[in-house]
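Please look at the sequence and the model together as you read. The explanation below leads from one element to the next.

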Amino acid sequence: MKAQIVEGWPKENSIRISLSETDASQVNAIRRALISDVPKLAITRVNISQGVVETEGQILESVNVLPDEMLAHRLAMIPVPTYPEEKLDFFETCPVCIDMVEAEKGCPQCQVLYSLNIQGPAPDAEEDHITVYAGDLTTISDPMFDIKEEHRRIPITILSKGQYLELYAFATLGRGASHQKWSPVAGVGFSNRNVAKLNNAKKAETLFALGLKTSDGRDIDAKLFKNKQVDDVNTVMDLERALHQVGPGTGRDADFDGAITLEQVEGEYVLSYETDGSLDPVTVFNLAMDELSNRFAGLNEEIGVALN
Ligand SMILES: [Zn+2]
């Protein structure tokens with residue numbers, strides 16, 4: 001199998017990867033590895049302070065509109081920056097704390113610690129509530145684990161006057177197979193790699209006359225085609241979308257009459273997905289390949305043992 005990033009990608013956290021010399025089952029194995037096998041950090045334990053405190057003559061109570069378990073879930077879904085090169089250990093198998101009792105487990109080698117301490121608006125404030133954001137989490141571990149700028153505006157809950165929220169949150173490595181919060185990707189899909197063929201330039205005008213554009217702003221017209229064919233992955237995908245405007249049910253399909261058709265390229269696929277931002281899409285792909293090769297290496301060993 002050969003993998004190549006499609007020209008112009010990744011864009012922010014999204015990517016398209018062209019895979020050749022392969023088949024659908026192999027590409028699907030990569031898809032599944034991306035979703036459920038690539039490890040990333042996510043908040044998995046939260047200690048929320050309970051009680052009533054008095055500060056500067058104001059009585060504050062540890063309540064807010066959301067139940068604790070929902071808060072914990074919202075915290076879990078915040079993308080926590082993950083650095084594979086840091087080689088953190090999994091919480092369950094961390095060599096430092098494997099022999100500790102459950103309550104004492106957790107060390108800098110296997111978890112990242114955050115704290116949050118926010119109070120509702122002051123009694124004389126104009127606003128009656130404030131919003132608590134992901135960006136309000138402070139890293140107690142290394143500042144490299146600070147919630148990224150792009151995720152700081154994720155709302156967690158709101159606090160009214162006389163309310164406060166104080167908590168410690170622990171992020172550990174995990175895999176999407178155990179919980180969605182540990183899945184680094186979203187919208188993972190793949191399709192056959194196609195080329196577009198111009199069969200009838202005159203009838204294709206039905207589409208060209210609609211004034212549609214490609215995603216990079218070029219007109220969808222005859223100029224896209226060289227020798228009556230488009231090879232470029234991005235352009236073909238734009239054409240694929242545009243063809244829906246002249247397909248069945250549009251009232252234009254009779255005039256268009258298959259003037260442009262898509263043809264599959266044997267053994268080639270386009271894989272596309274987006275990460276939640278905890279890891280960049282290229283790293284996630286490489287990690288998925290590592291996971292797959294480790295698993296198959298392990299399988300080979302086991303088969304070897306079984307046969308002997
Ligand atoms: Zn540990």
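**A guided reading of the model**

The helices (H or I, at least four residues) and strands (E, at least two) are DSSP runs, numbered from the N terminus. Residues are numbered from 1 along each chain as its sequence is written. The model is predicted: local features need pLDDT of at least 70, side-chain atom pairs count only at pLDDT 80 or more, and totals for chains, interfaces and linings use all residues.

Which residues of helix 2 are buried? Within this helix, residues 68-76, they are Leu 71, Leu 75 and Ala 76. Seen down the helix axis, these buried residues fall within an arc of 140°, so they line one face of helix 2. The arc is that of the directions from the helix axis to the C-beta atoms. The face turned away from the buried side carries Glu 69 and Met 70, which are exposed. A residue is called buried if 20 or more other C-beta atoms lie within 10 Å of its own, exposed if 12 or fewer, and partly exposed in between, with C-beta atoms placed from the backbone. The cover over the buried residues of helix 2 includes strand 3 (40-48), strand 9 (155-160) and strand 10 (164-174). Contact here requires that the C-beta atoms of two residues, placed from the backbone, lie within 7 Å.

Strands of a sheet pair through backbone hydrogen bonds, either parallel or antiparallel. Two strands count as paired if DSSP finds at least two bridges between them. Strand 6 (residues 112-119) and strand 8 are joined in the antiparallel sense by two bridges, and Tyr 114 stands opposite Thr 139 in strand 8.

How is the protein divided into domains? Domain 1 consists of 2-37 + 185-275, while domain 2 covers 40-180. These bounds come from an automatic or database domain assignment. The centres of the two domains, taken over C-alpha atoms, are separated by 42 Å.

Strand 2 (residues 14-20) is joined to strand 13 by six bridges, with Leu 19 opposite Tyr 269 in strand 13. Strand 11 (residues 185-198) and strand 13 (residues 260-275) pair over 11 bridges in the antiparallel sense. Strand 11 also pairs with strand 12 (residues 229-230), antiparallel and over two bridges. Ala 196 illustrates both pairings: this residue stands opposite Leu 262 in strand 13 and opposite Val 230 in strand 12.

Asn 192, in strand 11, stands opposite Tyr 269 in strand 13. Is Asn 192 buried or partly exposed? Asn 192 is partly exposed, because 15 other C-beta atoms lie within 10 Å. Leaving out residues up to four places away in sequence, Asn 192 touches Gln 264 and Tyr 269.

The buried residues of helix 4 are Val 233, Val 236, Met 237, Asp 238 and Leu 239.

Finally, consider the nonpolar cores. A nonpolar core is a set of buried Ala, Val, Leu, Ile, Met, Phe, Trp, Tyr and Cys residues joined through C-beta atoms within 7 Å. The largest one has 32 residues, of which Leu 34, Leu 239, Ile 260, Leu 271, Val 284 and Ala 288 touch the most other members. Strand 13 gives this core its largest share, five residues. Apart from this core lies another, of 28 residues, among them Val 132, Leu 159, Leu 165 and Leu 167.
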